[in-house]
Amino acid sequence: MDYDRIEQRARRRETIRKAITYFLLSLWALIVLFPFYWMILSSLKSYSAYNSEYIPKFYTLTPTLQNYRDAFTAVPLSRYFLNTLIFTLATTAIMLVVILFAAFAFARLDFPGKNAVFALFLALMMIPNELVIITNFVTITNWGLRNTFTGLILPSVTSVFYIYLLKENFEQIPDELYKAAKVDGTSDLKYLFKVMLPICQPTMVTITILKIIECWNAYVWPRLITDDEAYFLVSNGIQEIRENGFGRENIPAMMAAVVVISVPLIVLFLIFRKKVMAGVSRGGTKG
Amino acid sequence: MKVVLDHLTKEFPSRSRKGDTVVAVNDFCFEVPDGSLIGLLGPSGCGKSTALNLICGLEKPTSGRIFFGDDDVTNLPPENRGVGLVFQNYALYPHLTVRQNILFPLQNLKGKDRLTKAEMLKKADEAAKLVQIEQLMDRKPSEMSGGQQQRVAIARALVKLPRVLLLDEPLSNLDARLRLQTREEIRRIQRDTGITTIFVTHDQEEAMSISDLIVVMKSGVIQQIGKPQTVYDDPANLFVAKFLGTPPINVFEGRVAGGKLLLGEDEVLRVGGVADQAVWVGVRPEGFIPQEAGPLCCRLEGVEVMGRDTSVVTTHPAAESVSIRSIITAEHRINREAGTVRFALKPAKVFLFHRESEERIPFEAG
Amino acid sequence: MDNKNWKAWLYLLPAVAFLGAFMVYPLADVLVYSFEEGYNSASQTFFGTGLYNYSYVLHDPYFLQAVKNTFILVIITVPISTGIALLISLGLNSVRRLRELYQTVFFLPYVTNTLAVGLVFMILFKKTPYSDGMVNLLINWFGGESVDFIDGPYWAKMFVMCFYTVWVVMPFKILILTSALASVNQDYYRAAKIDGTSKFRIFTRITLPMISPMVFYLIITGFIGAFKAYSDEVALFGTDLNAAGMNTIVGYVYDMLYGNSGGYPSYASASALILFAIVFTITVINLLISRKNVHY
């Protein structure tokens, strides 16, 4: 056997394989990043410069922040932003309380029919949103809650899946802790907040982050339930900007708005990168 | 096929501090004679698995050479070395049947080495027969016991007739009874096939019982190489002495003064040819002889009769551990009521070690 | 003891109330709606009951167009996105340097607002009197003719729609597949390497069977997700999807409910139930296939 040749061939193959791998990974990274680059680039070009480029340029030598000023003054972007913030925070906060109590009841308390009720809850996980949204639209309309925050928030403050996730987590806490707390005369509520909640904090953080992402990107429900611009969220806000904003097709200003809308979640993601990715692989779906 | 390791060294970058390296295998030199069974023995983290990975080619050494026979295989990819590897957790493909698992290595062969389907099946059957699992060929790994899975793993490693067979902790996932049975099985298979075999273990009893040679390692450095009995009877240093033997060796703080060995105040043995100094003294459990007027006086803590032998638990102020365990044969009687017991020591079972370097100090009994 | 039961239900009350009002009741209601003929949401009256709503929807050319669009989207994007995600995950798992960076970058589309980034895709692909757009510039470089991907021919619009959908769904698939690949015991690969198994054979005989449960999970969720496509299309083609000829089934449901063509909750309900039936059937088929192919 010619060992030198075998060695050489193996090494060369390894190098080629590595090169192809990195090329493919970089190619996809480019495809992912390019739209982000393009939106930032376009948002920095002045209106006249952008429209005079028949062949789009990949850079700009005269960046301007005018588009960002326009985005906040010509259209009510700050309004959309504030609405989304209120909607996101309120929905997430209420949902956390609701699922916390429900998960606690399922995990810790014993009552007749518990298993049947829980099975029913699980069955609800299979129901697609599209099926119930029609009636919810009619319900909210009948209650006169269109164009209110209550109407926006109400249907999305429970999540069977998160109850399930939290319940599973609660059940991993050993029974002995509960018994010990009971012997010490701790009430259920106190046990929930002083013992279970701190132990399950990572899961709560994961759920919070996932819910915030979901709320920030919500489009269908806000679009159905609001037609008053004062209650638009960023998603239907940007759609409004696209169709009626800025008077003319002011793409650079539109891109400035897109950048502003995209930044909060990206920052949140970069800070909590590990938590977000772990959370999504445990319980996120999109696509 | 003899295997030669020549100044083999493997360094890993340290995880804790940047730029630092951890030396997993440090300057290994030894030769595995053709057709022998070698046990690489050491506590966890001593670098024995790394050594195995270097031999099979899953890792590249930092320096040094590896020879199979006269071939230098140091930089050869694993598939060209002709090695078989058996894993601690068996690594059987869970979605394949036993037969498919054993066939797997054969189906990888290409070109002129490629066998016909019938030849492959015949070889697989032969390998299965060798490890006595012919009747299990159509089962999935999950439907078998740990011992059976281990046999399949061995058959899979043997089916392509490797030049060297490597076993990584082959018995540690088995329960005590199966372990005993399987280690004899491994010995038998190795004898039958005559394939040079290297296996890694942390269990000294396992290594001692089936190896032709054992290599005792600590922190990446070879401590001693030799036949199991030789290493046991003649340990090179305190670590080897402590690592081999159940129950373990009893260690005392002692000193040599004027050719006499003292444990505390007790003058236990004449030791010729040793300069006056403080030493570690190791005494094998079977090195104690109960004697009315024996020089070593210990406080008696308990006596455990274990059938043929009796285990005597005592304490002594100079002992390094809390209690001393000695094994004495049934002909000696111990008075359980007595508060103390006196022993004489068998010189061949007593070892002296340097206090700092812990290296063995030879002495002349007399 | 009674006291305790009462307490447990108190803890459950908010969840039960919200789910009852916004999930259980609507579920029953949507069935009722779908069989009520000529329901008028203003006067809340209807003429009679029957299958008329279903028949209307099934004969509506807009609905048929939406079904066609949705099916094309599903059939193209699910295999492509799963395939590319598998390829990328395999690549990611085989490299050590820059791995975290790549993972972070690949995940970005997940945390962006689809409506907002869709707008960027629109200007990248759109051909206007002022500019042919970025993508057409690339096409021209390679000697091709400019195409309007947003207001142009059907296949061009379909291409953008599929492209954007793949772009949006990739992060989730890559994430799931990388963690599935990472959880495969390395000993299998070491064993295979020692036996000289070729890369291709390692992939088909070891890697793929080992991660097959996750691949099937992705295919099933991928089908469900793609059948529900809607916001991505709005982002690209605007809210009037029927006019663009790019509507999806979910888009049709919402259009029936609300907007310029809205006010018909009965038609919306009937089409939503048809969608549910399609998704349900496909999921069952998927599960049956996966039961056969995922062993152990």
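Guide: Hi! In α6(A), the buried residues are Glu130(A), Val132(A), Ile133(A), Ile134(A), Thr135(A), Asn136(A), Phe137(A), Val138(A) and Ile140(A). Buried here means that 20 or more other C-beta atoms, placed from the backbone, lie within 10 Å of the residue's own. Helices are DSSP runs of H or I, at least four residues, numbered from the N terminus. This is a predicted model, where local features need pLDDT of at least 70 and side-chain atom pairs count only at pLDDT 80 or more, while totals for chains, interfaces and linings use all residues. Residues are numbered from 1 along each chain as its sequence is written, and chains are lettered from A in the order in which they are written.

Visitor: Thanks! What span does α6(A) reach?

Guide: Its 14 residues reach 20 Å from first C-alpha to last, close to the expected 20 Å, which is 1.5 Å times one less than the number of residues.

Visitor: New topic: how many residues of chain A are in contact with chain C?

Guide: 68 residues of chain A, facing 75 of chain C; contact means C-beta atoms, placed from the backbone, within 7 Å.

Visitor: Which helix of chain A gives the largest share?

Guide: That's α1(A), with 11 residues.

Visitor: And how many residues do chains C and B put into their contact?

Guide: Chain C puts in 16 and chain B 17. On the chain C side, α8(C) gives the most, with 6 residues.

Conventions. Contact = placed C-beta atoms within 7 Å. Helix = DSSP H or I, 4+ residues; strand = E, 2+ residues; numbered from the N terminus. Buried ≥ 20, exposed ≤ 12 C-beta atoms within 10 Å, placed from the backbone.
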